[in-house]
Amino acid sequence: MPSYTAPTKDMAFLLHEVLKADKQDIPGYDELEPDFTGAVLEEAGKVASEVLTPLNITGDHEGCRLENGVVYTPTGFKAAFEQMKEGGWTGLDMPEEFGGQNMPVLLGTAVGEMFSAANQAFTMYQGLTHGAASAILAHGTDEQKATYLPKMVSCEWTGTMNLTEPHCGTDLGLMRTKAEPQDDGSYKVSGQKIFISAGDHDMSENVIHLVLAKIPGGPDGIKGVSLFIVPKFNLNEDGSVGSRNGVTVGNIEHKMGIHGNATCVMNYDEATGYLLGDMHKGMRAMFTMMNEARLGVGMQGLAQAEAAYQNAVIYAKDRLQGRDVTGLKNPDGPADPLIVHPDIRRSLMDQKSFIEGARGFLLWGALLIDQAHRSGDQQADGLISLMTPVLKGFLTDQGFDMTVLAQQVYGGHGYIEEHGMSQFVRDARIAQIYEGANGVQALDLVGRKLAADGGKPIMAFFELIKSYCKGQDGDEMTDFIEPLKEASKHLQAASMYFMQNGMKNPNNALAGSYDFMHLFGHVCLGYAWAQQARAALDALANGAADATFYETKLTTARYYMARRLPATAMHLARIESGADTVMALDADAF
């Protein structure tokens, strides 16, 4: 069975030596002292490895089942969910007034990565609830907050987001779900939603669905969409669970992965719902949840890559196959371990350099969220909005690729179920699709985010990289700064290409959007690695006790700069080739 050990040392390095969290001028960050964060990460790591990891393969093999209208989760899930609730993990970064611990998103993200790596399907139940609660927190009335948030923060009640219908996914303006207004101010919601993660289950006493629907007589298309709170069970006047609402599960989807999460077809038959936010402004409210979810999904890409990589390393060190071409490394055995071979090393270094760079990028993104929300920093808000599609799209594309590389280390043993490597591949795959497929993320990045606020966020990003590079004098940083400068120039050239050619022919921009997202992602990881290299050099100069850790950081950073970051040139060449070759064939020629 696959194992998982939480990378607490790497997280502590990023929190305190790279991001210097407890020194940041952000409300609440003064509490993030190393002893405190270390204790939280250590305890979360134990929950991840001892409670959640053993259930991961159980959830994959058993899946969820629907019997007589009741959805049952895999063996052990319900007891584990109780442990999560009792430990307060479900409300770590939620407001204290609703039962949370008010910790920064930064710490919640680090903990979330551990839980997702240990058991993605399980962690989605509380993750979807967190997103739904955030939407109510941002857009709900005081009464709605008081009614729903305490129970959702504790996960006594869980939450979902209901967008997709059988005939519409990305184009939500086509939805048919209706919400008929009632005399008492409520609505009767009717329609069908599909692909609803954690749509129903046996681990909470109520499920609070956030459902997009159209109020008759409203504007056509997406402008006529509103968001509604539709509980599985109606509430009594005292707030307790009452009668069953008109919400049923039509089916549980049979999926490639995340079998332990109940992905449901949800049927609404005049279910009682309550408007959340403004009428016909449902997408504004839903995007609060979707943007949070996109960051969480980016984290899933990283998390699955980490779990798969850990197991690949163990296998590569244990499995004896072939001989080292430079000389025997295991003379007393019949063969040398896999890890002596350069191609295995290449694969593992690709994985390691992505994972540790992506973690730096993700945690920086979480810090920007805190900076925007806790300090009201508009530039930070612009930057994280710009980078959200990159975090989601790039980290999940690359994360999936890394799980495949980890599986490949096992050869044929990776393809059979005995070692469990296929689950990481199958579970990682969905992250490229849900919460906005990655092609849509790329279109959002190029079509909307680049021009947002007159282009201020992307210009701020370029200035950030430029200023950082200027501030890093000395030969010791040359290996990291020069490649980052070159990659940043490629990103600027791509942006300029879109400005010069996108207006004349929008397809020139749209055909290059996916490459732009990946080019941007590589620059962000290059920046993350340059920061980690700087911190490692400083630690070594100050006589760090664990010199090996920091020297390994520098070696891995050099690998990324030399072997991975040059991909930016390829992406730029593709972008500058324009749309002609992409759009040349007639539809009938495919």
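Biologist: Which residue takes a positive phi in the hairpin of β4 and β5?

Modeller: Keep in mind that this is a predicted model. The hairpin of β4 and β5 has five residues between the strands.

Biologist: How many bridges join β4 to β5?

Modeller: Strand β4 covers residues 178-181, and β5 covers residues 187-196. The two run antiparallel. Ala179 has its bridge partner in β5, at Val189. The number of bridges joining β4 to β5 is four.

Biologist: Which residue in β11 is the bridge partner of Gln192?

Modeller: β5 is also joined to strand β11, residues 264-275. Seven bridges join them, and the strands run antiparallel. In β11, Gln192 is partnered by Asn267.

Biologist: Now the cysteines. How many disulfides does the count come to?

Modeller: A disulfide is a covalent bond between two cysteine sulfurs. The sulfurs must lie within 2.5 Å to count. For Cys64, the closest cysteine sulfur is in Cys264, at 7.7 Å, so that is too far for a bond. The count of disulfides is zero.

Biologist: What is the distance from the sulfur of Cys469 to the closest cysteine sulfur?

Modeller: Cys469 counts as buried, at 6% relative accessibility. The closest cysteine sulfur belongs to Cys524. That sulfur is too far for a bond, because the distance is 13 Å.

Biologist: Is Cys64 buried or exposed?

Modeller: Buried means under 20% relative accessible area. The value for Cys64 is 15%, so Cys64 is buried.

Biologist: On to the rings. How many aromatic pairs does the count come to?

Modeller: Two rings pair if their centres lie within 6.5 Å. Ring pairs link Phe461, Phe462, Tyr497, Phe498, Phe516 and Phe520 into a cluster. Over the model, the count of aromatic pairs is 17.

Biologist: How do Trp89 and Phe115 pair: stacked or edge-to-face?

Modeller: Their centres are 5.7 Å apart. Planes over 60 degrees apart count as edge-to-face. The angle between the planes of Trp89 and Phe115 is 85°, and the pair is edge-to-face.

Biologist: How many residues apart in sequence are the parts that this pair ties together?

Modeller: Both Trp89 and Phe115 are buried. Trp89 lies in the loop between α3 (77-86) and α4 (105-118), and Phe115 lies in helix α4. So the pair ties together parts whose separation in sequence is 26 residues.

Biologist: What is the angle between the planes of Phe549 and Tyr550?

Modeller: Phe549 and Tyr550 are both buried. They form an edge-to-face pair, 5.1 Å centre to centre. The angle between their planes is 90°.

Biologist: Which residue lies over the face of Phe400?

Modeller: A charge over a ring must be within 6 Å of the ring centre. Arg244 lies over the face of Phe233, at 5.5 Å from the ring centre. For Phe400 the distance is 5.7 Å, and the residue is Arg429.

Terms used: Residues numbered from 1 in each chain as written. Predicted model: local features only at pLDDT ≥ 70, side-chain atom pairs only at ≥ 80, totals over all residues. Heavy atoms only, no water. Buried < 20%, exposed > 50% of the residue type's maximum accessible area, 1.4 Å probe, protein only. Pairing = 2+ DSSP bridges. Phe/Tyr/Trp six-rings, centres within 6.5 Å; stacked < 30°, edge-to-face > 60°. Lys NZ or Arg CZ within 6 Å of the ring centre and 35° of its normal.
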